[in-house]
Amino acid sequence: MGEPLVVAEGLRKVYRSGPKEVVALDGVSFHAVPGELVAIRGRSGSGKTTLLNLVGGLDRPDAGRVTVAGHEVTALPEDGLRVLRRDVIGHVFQSFGLIPILSAAENVGVPMRLARVPAAEREERVRVLLSLVGLDGHANQRPHELSGGQRQRVAVARALANRPRLLIADEPTGQLDSQTGRQVMRLIRALVGSEGVTALVATHDPGLISLADRVLELRDGVLHGDDSRGDGPRGGEAGASAAAP
Ligand code: ADP
Ligand code: MG
């Protein structure tokens with residue numbers, strides 16, 4: 001089975017706005033092994049984004065700890081987190097997060113520039129990545145010249161640029177129509193196989209959930225159904241995707 005790539009233990013996160021407190025995560029623990037695609041489902045407000053942000057080093061918990069590929073994320077100082085996010089973890093967001101004035105190729109190249117990858121090597125890797133996500137021929141187009149699905153594929157290529165061990169995707173199909181969403185999901189599923197990365201994907205898209213190796217469910221900041229392999233409602237929710245927000 002091997003060592004888990006991601007270990008989260010007892011994560012707690014409380015947001016305070018004025019006198020009000022929201023317990024976004026309440027003692028969340030889980031692990032993911034190398035090459036596994038783990039879906040985290042739960043309705044809006046259940047804590048999915050909070051959990052992914054803690055695992056990915058974008059925010060810090062009030063209690064608990066996270067280890068990714070042997071790095072204790074929750075103990076790292078800011079500069080350590082920056083390196084971790086550059087080299088070990090790739091992020092994909094619902095709203096793509098591409099830089100508008102850069103071409104598809106330049107967007108994919110950004111993480112490699114930050115890591116000071118030499119130009120020739122960078123250009124070759126960009127070419128391979130764009131081809132991997134089915135965008136050969138679109139290298140010079142800017143985000144506004146691409147469809148939503150194409151933009152998200154550029155974002156996936158960018159997330160993989162520095163060969164991360166972990167891909168974190170927060171509702172990657174949330175802004176796509178169901179058919180385009182399905183293409184992006186299948187792409188993520190295929191890349192987890194071919195690139196050997198582990199993926200954590202927050203979604204309430206039944207199509208994406210059906211492609212996962214394992215499904216974790218968040219309800220009001222508490223994790224349920226720790227291992228639904230083989231017994232989940234997969235496929236039983238067909239048609240629900242048409243009702244996506
Ligand atoms: P999800 O991604 O599943 O929709 P979130 O992790 O975004 O859930 O939010 C979990 C809970 O924490 C929600 O009740 C949300 O309103 C609250 N929350 C999230 N971010 C903040 C914040 N920055 N300040 C205050 N409350 C927040
Ligand atoms: Mg969210």
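In this predicted model, the protein chain has an average pLDDT of 89, and 91% of the residues reach a score of at least 70. Among the elements of the protein chain, strand S4 (residues 63–68) has the highest confidence, with a mean of 98, and helix H6 (residues 178–195) the lowest, with a mean of 86. Over residues 227–245 the pLDDT remains under 50, and the model has 18 contacts beyond four places in sequence for this stretch. Where pLDDT is low, the predicted coordinates should not be read in detail.

Six strands make up an open sheet with mixed pairing, in the order S6-S7-S8-S3-S9-S10. Strand S6 (89–93) and strand S10 (222–224) are the edge strands, each pairing on one side only. From one strand to the next, the twist averages 20°. Strand S9 (residues 214–219) and S10 run antiparallel and are joined by three bridges; Arg 219 lies opposite Val 222 in S10.

Two helices that pack on the sheet are described here. Helix H1 touches strand S3 (37–41), strand S7 (166–170), strand S8 (198–202) and S9, and its direction makes about 150° with that of S8. Helix H5 (residues 148–159) touches S6 and S7, and its direction makes about 165° with that of S6.

The largest contribution, three residues, comes from H1. The residues around ligand 1 include Tyr 15, Val 22, Gly 42, Lys 48, Thr 49 and Thr 50. By class, the shell contains eight polar, three nonpolar and one charged residues.

Conventions
Residues are numbered from 1 along each chain as its sequence is written. Chains are lettered from A and ligands numbered from 1 in the order in which they are written. This is a predicted model: local features need pLDDT of at least 70, side-chain atom pairs count only at pLDDT 80 or more; totals for chains, interfaces and linings use all residues. pLDDT is the predictor's confidence in each residue, from 0 to 100. Helices (H or I, at least four residues) and strands (E, at least two) are DSSP runs, numbered from the N terminus. Two residues are in contact if their C-beta atoms, placed from the backbone, lie within 7 Å. A residue is near a molecule or strand if its C-beta atom, placed from the backbone, lies within 6 Å of it. Ala, Val, Leu, Ile, Met, Phe, Trp, Tyr, Cys and Pro count as nonpolar, Asp, Glu, Lys and Arg as charged, and the others, Gly among them, as polar. Two strands pair if DSSP finds at least two bridges between them. Axes are lines fitted to C-alpha atoms, for helices over the stretch in contact, and angles run from 0 to 180 degrees between N-to-C directions.
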